[in-house]
Amino acid sequence: MNGPVPVEVLRQHLIDPEICIRCNTCEETCPIDAITHDENNYVVRADTCNGCMACISPCPTGAIDNWRDVLKAEAYPVDEQLTWDELPVQDDALAGQGSIGEAAQGAQGASSGGAGAGTNGMTAESSAPVIGGSDLVRGSVVPPWSAAKPYVNLYNHKAPVQASVVGNYRVTDASTESDIHHIVLDFGKQPFPVLEGQSIGIIPPGTTADGRAHHARQYSIASPRDGERPGYNNLALTVKRVTKDHQGQAVGGVCSNYLCDLKKGDVVNVMGPFGSTFLMPNHADSHLLMICTGTGAAPMRAMTEYRRRRRMKGATGKLMLFFGARTQGELPYFGPLLNLPKDFIDTNLAFSRTPGQPRRYVQDAMRERAADVAALLRHDHTYIYVCGLKGMEDGVLQVLQTIAGEAGLDWQTLWQRMKTEGRLHLETY
Amino acid sequence: MTSINYSEKIPNNVNLSDDRTLQRALEQWQPNFLSWWGDMGPEGSHGFDVYLRTAVSVDPSGWAHFDHVKMPDYRWGIFLTPGEADRKIHFGEHKGEAAWQDVPGEHRANLRRIIVTQGDTEPASVEQQRHLGLTAPSMYDLRNLFQVNVEEGRHLWAMVYLLHRYFGRDGREEAEALLGRRSGDDDNPRILGAFNEKTPDWLAFYMFTYFTDRDGKFQLSALAESGFDPLARTTKFMLTEEAHHMFVGESGVSRVIARTAQVMNELKTDDVSKLRAAGVIDLPTIQRYINFHYSVTIDLFGADQSSNAAIFYSSGLKGRYEESKRDDDHQLNGQMYRLLDVDNGKLVEREVPMLNAMNEVLRDDYIKDSVAGVNRWNKVLEKAGIDLRLTVPHKAFNRQIGTFAGVRVSPDGRVVSEAEWAAHEREWLPSSEDRAYVASLMGRVTEPGKFANWIAPPPLGINRQPIDFEYVRFN
Ligand SMILES: Cc1cc2nc3c(=O)[nH]c(=O)nc-3n(C[C@H](O)[C@H](O)[C@H](O)COP(=O)(O)OP(=O)(O)OC[C@H]3O[C@@H](n4cnc5c(N)ncnc54)[C@H](O)[C@@H]3O)c2cc1C
Ligand code: SF4
Ligand code: SF4
């Protein structure tokens, strides 16, 4: 892991004047008026911008997504930025030390062409190639303050790393439709440092019908940082075989089927790691509220396992889990989950298709536990993680709003605060 | 979170299902829209999966959601920016009064006319661009074209919603008529001249999205100030989409210039015939395209003096660009504005009451904005060490509307004789040879990461995807 972050280094948000079309979208969007302009340029005020990222995706050009690590005392002032024709280069001595996310030198930096050399504008989520295109902005785009610093993008599709399969077995009931596998990949002597909550890219072999290489698919890491088997350079994935698309039409998912069919000793091309915000807090009194469905359990398993292995001395942090599946048999890791001590994790399961019983979703389970969820919401050290199918996101946010409202909390304010404090993380696909 | 309900036939955030009559009326309009899209939307694109930006909610977190979408399944809908509580009309005679949530009777006809005119431009540009897909210079550009097109389609929806919701029977008839007119049709053309011009090639498309969609930005900005709140909220949301269209234009022309400059440097020449032989678009031709599109577009702002524009402003229907950021009385009575005029064969300035010059005020703001972008194109030339600079022609050049209609003015702003005009027209405006040459370059490039010879790749992919990302899946 990197050393401590020198406090005086600021990751300064800048706009690339060579790419920006001065459309005013960012200024209109920024919730705290950190953006201003004159006839020449659009610029960001270093002392105002809090890196909330609300402006990033609405910008039509990508010009807004630029960052330079600078000494805080020497941040580029607005007046100077207004005169720029191009971005300054990154001072290599400071590169990668800024306070938001991790700068990564890589393919994307090179592709920004005229945008000046040095680190590119990648922070937080924008650093990971968006493979699944999850909706990132409703949650935090900064990590918890106590999170360890992640490595990202060590390997890309041009230069992937090879991992070998050391385990692959089914974790859902053989009688169910849902075929979810627990797959362990070993990296041998190749460095592949990861943190709980990160994901990796898998490049499936072969080509598409028209002869092009497959694009990589992203999978969350299901094991803690020290390996599925502690002390070994390996990690676990939780992969669901895709046999139907989101509309329910029959399809053979390219990558998930490839993974589920792997045998021990097979070699897999991996890129990543990805993700520098969906990370767990490392301070002992932080509470984790985890909400997931299906394979969304992977990062929750990683975090839970990390906490379990080091049940920190005097730790007061609570773990509360809401986990949804269609039936008990379709819930991955059902057995091991139930074996976890009750005083360690408060587990709540919701099954939507148990024969003879009304449908129950994670939202319903959360509503039943509203008082305890509200207690967590009130707490400044609570971190929320949501992972799983895209469709769950609206429902979960709505029930959080309801629970907060009933508890007399102003959800809009709380939500905003949790986002900027790196305490609400969504990863849906 | 102001989510858009995508489970309904017509996605919306206006609680459409609470108003069954309106819902039914719009659901009847929808098949006509889809059949118009089938006939007049991008040619031969049906069944493509395009990497599109779709709004899933109308706040910053949700309106730029990227995914591959099957083109004809794009869910056009009705999205309004969230309303402000207690919003006040902030200009004109009604300044200080509560913004209207319903159409005020006395302004009904004017409002309808404003909305119809704005609405008419949206399908028009889709019609103008329908053949371009067949000659896209790259998969990336093809994707951008489709994005522009689906959003124009959505903007039409936005205006049609207002017509149906607030204008009763005549609103419904106007909404029908929006699908009846056709760009360039002799019998039933689009309302505004520029929207009946052809967009025959990609250079014209970039010029159109740079210049003409920028007219859209200024018109929408002026309407976003409107005292009629539903119009203000609708156009505000449209503006966030419009920015992408201007991006396509600005970066498109910029990439054409960059490629030309590169070849000029490689061949060490500015000889037009050599550059054309090398398959790039020479700078004089680019300048003529600018001259044409700029002059046609500034006509869109209407006559320099207009009592209609004065009424629109004083009655609080249509403000100025960034009205709320200006620090005058927002009523403008007794204020004057300097206009250009012709007197005895010379251009002169003349003062008129500002209220009557509202079109000119908006046009001048537009001009400032477009010139700034042309200067950014010049930076590309400057960086490449090429001395030539592109400019916009004089405001009075090649005008068909207002004081200068019928007056011959050179690009540098001299009133010239008919004979001098005729002698230079080919230097000033694209000739049929220019257009034929540009057309000869148009061929289809669809391999990811590949670009036609006459245009440079963009510096960044859409949504930070790599340049060779599969932006369109042809299936
Ligand atoms: C950040 C992130 C983390 C992820 N983590 C995991 C994980 O831990 N475990 C996991 O199994 N998956 C995970 N995914 C999803 C994974 O990346 C793939 O989308 C999934 O495995 C399908 O890929 P495929 O190649 O098998 O199917 P494809 O051949 O790519 O797709 C076939 C069709 O199925 C649809 N489809 C894709 N995924 C699903 C799905 N889950 N359910 C229904 N239809 C689908 C596609 O839209 C497409 O129409 C994650 C995605 C992201 C973005
Ligand atoms: S949104 Fe992007 S392109 Fe538009 S002004 Fe802001 S930085 Fe420039
Ligand atoms: S990151 Fe947030 S605070 Fe900073 S400029 Fe963008 S929107 Fe404003």
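This is a predicted model: local features need pLDDT of at least 70, side-chain atom pairs count only at pLDDT 80 or more; totals for chains, interfaces and linings use all residues.
Residues are numbered from 1 along each chain as its sequence is written, chains are lettered from A and ligands numbered from 1 in the order in which they are written, and side-chain values use heavy atoms, with hydrogens and water left out.

Chain B contains twelve helices and five strands. Helices (H or I, at least four residues) and strands (E, at least two) are DSSP runs, numbered from the N terminus. Of the 475 residues in chain B, 60% are buried. Buried means under 20% relative accessible area, with a 1.4 Å probe and protein chains only. Among contacts in chain B with a separation of 6 or more, 72% join residues 24 or more positions apart. Contact means heavy atoms within 4.5 Å.

Helix 9 of chain B spans residues 307–314. Its buried residues are B:A309, B:A310, B:F312, B:Y313 and B:S314. They pack against helix 2 (108–128) and helix 10 (358–383) of chain B. Just after helix 9, B:G316 takes a positive phi of about 85 degrees.

In chain A, six strands form an open sheet in the order 8-7-10-5-6-9, with antiparallel pairing. Strand 8 (217–220) and strand 9 (234–240) are the edge strands, each pairing on one side only. Two strands pair if DSSP finds at least two bridges between them. Strand 6 (residues 180–186) and strand 9 of chain A are joined by seven bridges and run antiparallel. Within chain A, A:H182 stands opposite A:T238 of strand 9.

Strand 11 of chain A (residues 287–293) is mostly covered, with seven of its seven residues buried. One side carries A:H287, A:L289, A:I291 and A:T293; the other carries A:L288, A:M290 and A:C292. Six bridges link strand 11 to strand 14 (residues 382–388) of chain A, in parallel. There, A:L289 stands opposite A:I384. Six bridges also join strand 11 to strand 12 (residues 319–325) of chain A, again in parallel. A:C292 has A:F323 of strand 12 as its bridge partner.

Ligand 2 is surrounded by 13 residues, each with a heavy atom within 4 Å of the molecule. The closest are A:C20, A:C23, A:C26, A:C59 and A:T61.

Note on methods. Buried means under 20% relative accessible area, exposed over 50%, partly exposed in between (1.4 Å probe, protein chains only).
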